[in-house]
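This briefing reviews the packing, aromatic contacts, salt bridges and nonpolar surface of one protein model. The sequence and structure follow.

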Amino acid sequence: MANANASKLSLYGGIAANVAIAISKFVAAYFTGSSAMLSEGIHSLVDTGNSGLLLYGTAQSQRPADAEHPFGHSKELYFWGLIVAVLIFAIGGGMSFYEGIKHIQHPEPIEDATWNYVVLGLSFLFEGLAFFLSVKALLATADRNVGFVQMLKTSRDPAVFASVMENLAALLGLAIAGLGVFLGHLLNNPYFDGGASIAIGLLLMLVAVFLVGRTKGLLVGTGVDANTLANLERIARAAPQVREIRSPLTMYLGPNDVIMALDVDFADNMSSTQVATAVEELQDAIRKEHPEVQRIFIEAKNLVQAAGK
């Protein structure tokens, strides 16, 4: 629950920051005519909606199992994570790119950049706070023995890794927008402003492609990592009644919801009652080290029966 609360806090913090920032950016874009600021406003608005969708997906994924969904609704978070990635690409990236092209075709010089600098400074402060909260949530759910990039690649929670990528893109986008406004105003060349808007659009598209790849893998059925799989095998082989096993089959249904199937060859001299007891002990041993493995199905070979919880 601590990890879930951390990801929700990150999303709520992002929503609060992005609502205020989006309004201020649109105001600055209105008074200065800056294309980069308009793109940044769109970016913040999209981020606000995306955080809301991830919160909705988190709530939906926690609904209990029912007759139509016997394994629960955990994968719903992955669906909404994919929708968020598509929105970032289509709305955030596409509209920013379009605004940049339009501004280059019909350039308008920035006469007074004061509004832009004030808003960019405040935005950087609030986005930095949102980024801090999202990274904190990532650290709470990831293996700290690996690097930051590896954490993003191995995280199974779209509410966490999408939030980190959105906030990181927001900080980079602010830097690009600030550079475009500065050079455009300093050199009296509006093309820098339009170019910054295009760069922000491309940045968002790259982030979206990364998120699509991550959520697509989770949707189609990603299993546990190699180290976890090896540890699951070790636990199974360490059971005194187990003679041989096949490599476990696993799949993430949600960030903390793994399903596992395991073929086990128990000792031939065991009765069916002893096998049932051994299955329960093996399940308990696995869950003790890996509580995220919530559903374990063990097939006892040579007895033509399956046992599971």
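In this briefing, a residue is buried under 20% relative accessible area, exposed over 50% and partly exposed in between (1.4 Å probe, protein chains only). The model is predicted: local features need pLDDT of at least 70, side-chain atom pairs count only at pLDDT 80 or more, and totals for chains, interfaces and linings use all residues. Residues are numbered from 1 along each chain as its sequence is written, and side-chain values use heavy atoms, with hydrogens and water left out.

**Salt bridges**

- The structure contains 9 salt bridges, each defined as a side-chain nitrogen of Lys or Arg within 4 Å of a carboxyl oxygen of Asp or Glu.
- One of them joins E289 to R234, with 3.1 Å between the closest N and O atoms. This pair links distant parts of the chain, as E289 belongs to helix α9 (residues 272-289) and R234 to helix α8 (residues 226-238), 55 residues apart. Helices are DSSP runs (H or I, at least four residues), and they are numbered from the N terminus.
- R234 is partly exposed because its relative accessibility is 42%, and E289 is likewise partly exposed, at 41%.
- E76 and R63 meet through their side chains in another salt bridge (3.2 Å, N to O). Here E76 lies in helix α3 and R63 in the loop between α2 and α3, 13 residues apart. The relative accessible area of R63 is 35%, so R63 counts as partly exposed.
- A salt bridge also connects E244 with R237, the closest N and O atoms lying 2.9 Å apart. Both partners are partly exposed, with a relative accessible area of 39% for E244 and 42% for R237.
- E233 joins R237 and E244 in a network of salt bridges.

**Aromatic pairs**

- There are 3 aromatic pairs, counted where ring centres of Phe, Tyr and Trp (its six-membered ring) lie within 6.5 Å; planes under 30 degrees apart are stacked, over 60 edge-to-face and the rest tilted.
- Y56 and W80 form an edge-to-face pair, 5.3 Å centre to centre with 85° between the planes. Y56 sits in helix α2 (residues 35-61) and W80 in helix α3 (residues 76-105), 24 residues apart.
- W80 is buried because its relative accessibility is 18%, whereas Y56 is partly exposed at 41%.
- W80 also pairs edge-to-face with F79, at 5.1 Å centre to centre and 75° between the planes. F79 is partly exposed, at 40% relative accessibility.
- Y56, F79 and W80 together make one aromatic cluster.

- L282 touches I235, A236, A239, L262, V264 and I298, leaving aside residues up to four places away in sequence; contact means heavy atoms within 4.5 Å.
- In soluble globular proteins, nonpolar side chains tend to be buried together.

**Nonpolar surface patch**

- V19, I23, V27, Y30, F31 and W115 make a nonpolar surface patch of about 640 Å². Patch residues have over 30% relative accessible area and no salt bridge; like charges are joined within 9 Å, and nonpolar side chains (Val, Leu, Ile, Met, Phe, Trp, Tyr) within 5 Å. Accessible areas come from the Shrake-Rupley method with a 1.4 Å probe, and for residues only the protein chains shown count as cover.
- Helix α1 (residues 2-32) gives the most to the nonpolar patch, with 5 residues.
- V19 lies in helix α1 and is partly exposed, with a relative accessible area of 40%.

How values were computed:
Helices (H or I, at least four residues) and strands (E, at least two) are DSSP runs, numbered from the N terminus.
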